[in-house]
Amino acid sequence: RCAHPLTHFEREVLTHIAVRPGDFEVVKAEDAPIEIHFSGVQPRTAQILQREDASAPWHREEIIVEHSATLGHTFKQVKRPFSYQVQANDGHSRIYRVTVVDPPSIQRLRLHYEYPDYSGLASRVEEEGGDISGLAGTVVNFEISASKALSTAKLIMDDTLSYPARVEDDKAFARLEIEIPGHYHFELTDQKGIGNRDPIRYAVQVIEDGTPQVAITDPGRDMDLPESL
């Protein structure tokens with residue numbers, strides 16, 4: 001500086017800030033924790049800056065550092081991607097990006113019923129809802145269309161029995177023979193290992209098979225008929 005008095009020199013930063021994990025992904029609506037490490041001159045407070053895109057103003061949140069060199073912070077229930085930076089004293093971290101990933105979900109559920117042979121009932125397809133109702137011994141074939149490509153899929157019966165499903169890209173296929181009433185749901189895992197959240201539970205109802213019943217509903221009463229009838 002003395003030898004080159006007209007040359008610009010950057011002042012050495014006294015407070016250094018490191019953030020882990022830096023850039024990362026978080027599943028939509030889940031918390032995003034970070035860890036902040038301070039070295040050099042220890043600050044009393046720090047600011048966490050956050051914004052969704054470069055055109056938006058920074059939202060600042062002040063946190064107390066006290067005497068800890070390492071501090072944790074959590075972005076609660078993240079629903080949209082955003083950038084963030086940590087500042088304290090004369091130091092600041094890089095600007096990092098948090099990317100939001102949607103978990104897989106069921107977009108369409110198609111049920112194909114195959115009734116027991118003795119019933120004489122024809123097969124049928126149901127594409128609305130997911131609740132099952134049929135005679136004991138009815139086989140239900142499931143076709144699932146998911147929101148993204150899958151790596152695995154399972155049909156879970158009564159939260160205890162697990163039946164693997166066959167996966168083809170964003171579709172899955174499963175088969176279930178109903179014997180007792182209960183409920184079921186599907187566990188989906190995408191190709192990044194992210195599972196579906198809060199899966200819908202569907203009911204399984206078993207219709208008891210009884211003896212045939214005959215009722216004469218018309219005219220439904222005793223009556224006298226004239227010769228013309």
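So, radius of gyration: the protein chain comes out at 32 Å, whereas a compact globule of 229 residues would be near 17 Å. Keep in mind that this is a predicted model. If you box up the C-alpha atoms along the principal axes, you get roughly 130 × 40 × 30 Å.

What's it built from? The protein chain has 19 strands and zero helices. Take the contacts between residues at least 6 apart in sequence: 61% of those join residues at least 24 apart.

Now, the inside. Of the 229 residues, 33% count as buried. The largest nonpolar core has 23 residues, and the ones touching the most other members are L109, L111, I132, F142, L155, Y184 and F186. Several elements give two or more residues to this core, including β10 (106-114), β13 (139-146) and β18 (182-190). And there's another core lying apart from that one, with 22 residues, among them I17, F38, A88 and V98.

What does L109 touch, leaving out residues up to four places away in sequence? Its partners include F142, I144, Y184, F186 and Y202, and also glycines G129 and G130. E126, E127 and E143 are on the list too.

The protein chain exposes about 15,100 Å², and carbon and sulfur atoms supply 49% of that. On charges, there are 24 positive and 37 negative, and their mean positions sit 13 Å apart.

That's my tour; over to you.

Key: Residues numbered from 1 in each chain as written. Predicted model: local features only at pLDDT ≥ 70, side-chain atom pairs only at ≥ 80, totals over all residues. Heavy atoms only, no water. Helix = DSSP H or I, 4+ residues; strand = E, 2+ residues; numbered from the N terminus. Rg over C-alpha atoms; globule rule 2.2 N^0.38 Å. Buried < 20%, exposed > 50% of the residue type's maximum accessible area, 1.4 Å probe, protein only. Contact = heavy atoms within 4.5 Å. Areas by Shrake-Rupley, 256 points an atom, 1.4 Å probe, with all protein chains shown as cover. Lys, Arg positive; Asp, Glu negative; His and termini not counted. Charge placed at Lys NZ, Arg CZ, Asp CG, Glu CD. Core = buried A, V, L, I, M, F, W, Y, C linked by side-chain atoms within 4.5 Å.
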